Amino acid sequence: ICTSLRQWLSLLEEKGLLKQVNKLVDLKYELAALGKKADGKYALRFNNVGDYKIPVVTEIAGGREFFAMAMDVPVDQVAEHFARAQANPIDCTVVDASKAPVKEVVSQNVDLSTLPIPIHHEKDSGPYITAGVLVAKDPKTGIRNISIHRLQVLGPNRLGILILPRHLFHFFREAESMGKPLEVAIAIGLDPLVLLASQALTPPGVDELTIASALYGKPLELVKCETVDLEVPAQAEIVLEGKLLPGIREMEGPFGEYPKYYGPASPKPVIELTAMTSRKDLIYQTIVPATREHLLLGAIPREGGLFQIVKNTVPTVCAVHLTPGGTCRYHVVISIDKQNEGEAKNAIFAALSSSQEIKHVVVVDKEVNIFDPEDVEWAIATRCQADRDVFVVAGAMGNKLDPSSDDGLSAKMGIDATVPLNAEPGRFERIRIPGEDTISLEDYIE
Ligand code: FMN
């Protein structure tokens, strides 16, 4: 199990999954375009991004296989393994600054223009930090929390931030209502497991870094910050320390977001940076928005939780999949080993109630491969009658980033594409050629 970005990059290199880009690459669009081409295939390390002496990496985990490798589990167990880690967190340890690589260079004079921060999409309002894991503490309880946020560079030591109404939002509202800033620290350059842990859907009061520890199978090492009362991963490449300013809003956006649309410009909270610490030979990391890398970071933790929720209601559930075409958020395909008529609809209700983001749910029988969109479509085409098997609920809460929603107000749809239990025998038997699964064409052709 790799516990730093560097270890992870070495492992990828060993397996031929890290490609070096030595040609000069423009941080404006060109780097993102290449990242998008490599998505799901291999990680890229850009060694020449102009005047910067700092290399940039992206696509460090662009497919489920990458996360499986990081967790050291088979690819079909990735979501389940994450759910187990979430249920069995391990406390982190705090190490001395002398043992923390991210403290090799310490500066209280932050200048973001020294970092190679890319501009990703055509209409983005400027350079954005996209792979920063933000650490903050609940002002009421002091319990740590981590999350990833898009961060627009507004000045040498100023960042604009989008904070959707989850944990950080509540912390900031609490601090702001007292007229106080909220201390934050942003760690950049992390391995896939910490990034994944940051995306866990947890109740308030759970420090997601303890889920990263559980994924490591040992305590994650933290180190104290210089100018704020926070702890950050000691193995990070870079840490930016600062505070969310109360009562201040500045224009942020537009920004190309995960549903493959632009999130609009509007006044957003601002972070003022107070220190930057890093390794001596630091590596900068970026996530190109809307790539598989971005989408899977959200999907895997969600699938783990979703599976449990559906299982509570429908014990016959076999697997769940948040599909990439559905932005890994809005569309779920569920397979069940149906024992009672009606279970498919219960599975749909459970899935829809599990998250406001889920919009369309398809339930299929267990022999349908839910990771193969063609197989799922075949089940819908041949096992579903819309008047009988499709239902729509109007006016529920959805996701504001879905442009078809009415500012988040959204319809929900369920599709039951399972075979009726009382179907006449043979009617739904899938054709099969004996030996088809094991025969190898290559053994026969010249
Ligand atoms: N959530 C936001 O509120 N704003 C963002 O700009 C944002 N950008 C993200 C970018 C990436 C690459 C990823 C993977 C996720 C992003 N998220 C963003 C989602 C949050 O990080 C995620 O929902 C997290 O679990 C929230 O943490 P919390 O439950 O502790 O509040």
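User: How many bridges join strand β6 to strand β9, and do these strands run parallel or antiparallel?

Analyst: Helices (H or I, at least four residues) and strands (E, at least two) are DSSP runs, numbered from the N terminus, and two strands pair if DSSP finds at least two bridges between them. In this predicted model, β6 (residues 128-129) and β9 (residues 151-155) are joined by two bridges and run antiparallel. Ile129 stands opposite Leu151 in β9. Residues are numbered from 1 along each chain as its sequence is written. Local features need pLDDT of at least 70, side-chain atom pairs count only at pLDDT 80 or more, totals for chains, interfaces and linings use all residues, and side-chain values use heavy atoms, with hydrogens and water left out.

User: What do β9 and β10 form?

Analyst: β9 and β10 form a hairpin, with two residues between them. Four antiparallel bridges join β9 to β10 (residues 158-161), and Val153 stands opposite Leu159 in β10.

User: How is the crossing of α3 and α8 described?

Analyst: Two packed helices are described by the angle between their axes and the distance between the axes. Axes are lines fitted to C-alpha atoms, for helices over the stretch in contact, and angles run from 0 to 180 degrees between N-to-C directions. The axes of α3 (residues 64-71) and α8 (residues 292-313) come within 11 Å and cross at roughly 65°. Contact (heavy atoms within 4.5 Å) is made by Arg64, Phe67 and Met71 of α3 with Leu296, Leu297, Ile300 and Glu303 of α8.

User: Is Val57 buried or exposed?

Analyst: Buried means under 20% relative accessible area, exposed over 50%, partly exposed in between (1.4 Å probe, protein chains only). Val57 is buried, at 0%.
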